[in-house]
Amino acid sequence: MLVHEWIPREIFETILHRCVGFETPVRDLVTLQLVCRTWHDIIAETSFLWGTITTSEGSQAYKKALQMAKDSLLDVIFVENDGETKASEFFRLTGEKIHQWKSFTVKSETVEEALALVQTQKPPKLESLRVISGRKGNSIRGEIILFGGDPSAGLKDIELRNVPVNLTALRLSGLKSLILKYIPSITTTEILELLANSPTLEVLHLSRLKGAVLPTQPATSEPSPSSHSAIQLPSLIKMRLYYLPLDFLTFLLSTSAVPQLRSLRVGCRDIYRPGAQLLDVIMRHLNQTLISITSGAQEYQVTVHTLSHYEITIRGLSIALIWESTGADMLHFQKTFNWLSDHLEGVDLEVIPLHLILEGDLPNLSCFEWFTRRTNVTRLTFSNHPDYEFNLPLAFQWLSRPPSMTSPIWLLPQLEFLDTDVACTRSQAHIVNTIKARHSAVPNSSEELGGARVPKRFREIRLDHNGYYFPMPEPLDNFMSEVVQAAEGADVYWAGSRWKEIYPLPLVGTVHPPSIHK
């Protein structure tokens, strides 16, 4: 029995809809129609499947979609693509069905022509508005009034980048997602009014809003923020705050009531104040929320990108502190770690397993020594960066023996899982030697002998090659065979697949075929 014969038609249509992407919807549908005649007819008859109208596939595709969609709701997407699609024709044709628009997305260097239609007309069923301009600064003079100034309470999701839309005129209420980036014209008062009218808000992302500053002396004509006021966001789950004026950032985080918060990222320009100090000043009142989010954590993750940021993820909580130009300061990180360790009750960050991810350039030896003393690293990931060479051979030298002749303590002695995408000709010998050295130092599991903290055996080794600077290990088969032999039973992966599964070891006496990886 065929799949469309044993499930209800509505469910089958929903499954088909989930198979259609936003970038190539017409191609996806036409491909599905090739399965059989029945599928062809069902897809042709189901108009809502054709409701994604996008320029990404060219004019013939979106014209076909408009025709097949009939009276269904439409997701209208305009993406600038080097002039292959004429904006005027696209908006003329889609504008004829503006009463069917469910969402409207624009991604373009210049958005004036794209917004001309909605400046005078209001899509009555519009729920989502995303306007993303590649321009920065004040390229658009003055504020843009949408929908002829009519309120648009039906909007649930808004994302604006480099587009100074007058949001006050829309009189929004019931927002679920609000993302505002690079909009210098928006003020603190406007933002607070939006938040006050959005009790169902689930996602808040504010980035580089230069106009969001607290007045030094509140004007009498409009209410000013008070340190005693509370911003009630009972449904907020995700908060992203990047490079905001420090006084506004402090006010927003220190007065927001966010009982359901599950993810928090803070981007900070104030490089002279440690992250822990910022946390202490602006999030002290969130302590109970942070405790409830992280309670019962069995493991956590730390990402250190030496070029720009660090991030600590503990269960549902994600805190990132970002520096725009100086790179992540390990002193800042250590103070932030100490703050969390002191304030998160029920979570012992020095005991529970840690997945340490190192990105960008290689941290210095003291970084590894600090994590050895203060944490329990069981999983380690080295990840390269396209602009910087990760000095993996040096890192593996540190891991292959105790760093000090006077101390028997190995770095990261609890390490059992290793993952790196920097396996190359230059590092392949170091990888094999490190595995051998750590395994040979294990007398009996990881028990301490004579005061020495010896390393554990690896349980899993994942290798890959990002190809930025050095060629892939050559020959790969020989390298991986050495890794498997040194791993002594640990699971070994290459590019996400177990090595034995993608290339089984040959039987004795057989001729080894050419490598499938070359």
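**Entry 1: E311 and R265**

I started with E311, which counts as buried at 15% relative accessibility. This is a predicted model, so I take the values as computed ones. I then asked which side chain E311 meets in a salt bridge. The partner is R265, at 2.8 Å from N to O. R265 is buried too, with a relative accessible area of 16%. I looked up where the two sit. E311 is in strand β13 (residues 309-314) and R265 is in strand β11 (residues 263-267). They are 46 residues apart, and the pair links distant parts of the chain.

**Entry 2: other salt bridges**

I noted 13 salt bridges in the structure. One of them joins R9 and E13, at 2.8 Å from N to O. These residues are four apart in helix α2 (residues 9-18), so about one helical turn separates them. An α-helix has 3.6 residues a turn, so residues three or four places apart point the same way. E13 is buried, at 14%.

E96 counts as exposed at 54% relative accessibility. R92 counts as partly exposed at 47%.

**Entry 3: aromatic rings**

I moved to the rings and noted 17 aromatic pairs. I picked out F78 and F91, a tilted pair with 5.1 Å centre to centre and 45° between the planes. F78 is in strand β2 (residues 74-79), while F91 is in helix α6 (residues 87-95). They are 13 residues apart. Both F78 and F91 are buried. I then looked for the cluster they belong to: Y62, F78, F90, F91, W101 and F104 form one aromatic cluster.

Next I looked for arginines over rings. R379 lies over the face of F417, at 4.3 Å from the ring centre. R462 lies over the face of Y493, at 3.8 Å from the ring centre.

**Entry 4: helix α15**

I checked the length of α15 (residues 428-440). At 1.5 Å a residue, its 13 residues should span 18 Å. The end C-alpha atoms are 19 Å apart, which agrees. Which residues of α15 are buried? I listed Q428, I431, V432, T434, I435, A437, R438 and H439. What covers these buried residues includes α14 (392-399), β18 (460-463) and α16 (476-487).

Key: Residues numbered from 1 in each chain as written. Predicted model: local features only at pLDDT ≥ 70, side-chain atom pairs only at ≥ 80, totals over all residues. Heavy atoms only, no water. Helix = DSSP H or I, 4+ residues; strand = E, 2+ residues; numbered from the N terminus. Expected span 1.5 Å × (residues − 1). Buried < 20%, exposed > 50% of the residue type's maximum accessible area, 1.4 Å probe, protein only. Contact = heavy atoms within 4.5 Å. Phe/Tyr/Trp six-rings, centres within 6.5 Å; stacked < 30°, edge-to-face > 60°. Lys NZ or Arg CZ within 6 Å of the ring centre and 35° of its normal. Salt bridge = Lys/Arg side-chain N within 4 Å of Asp/Glu carboxyl O.
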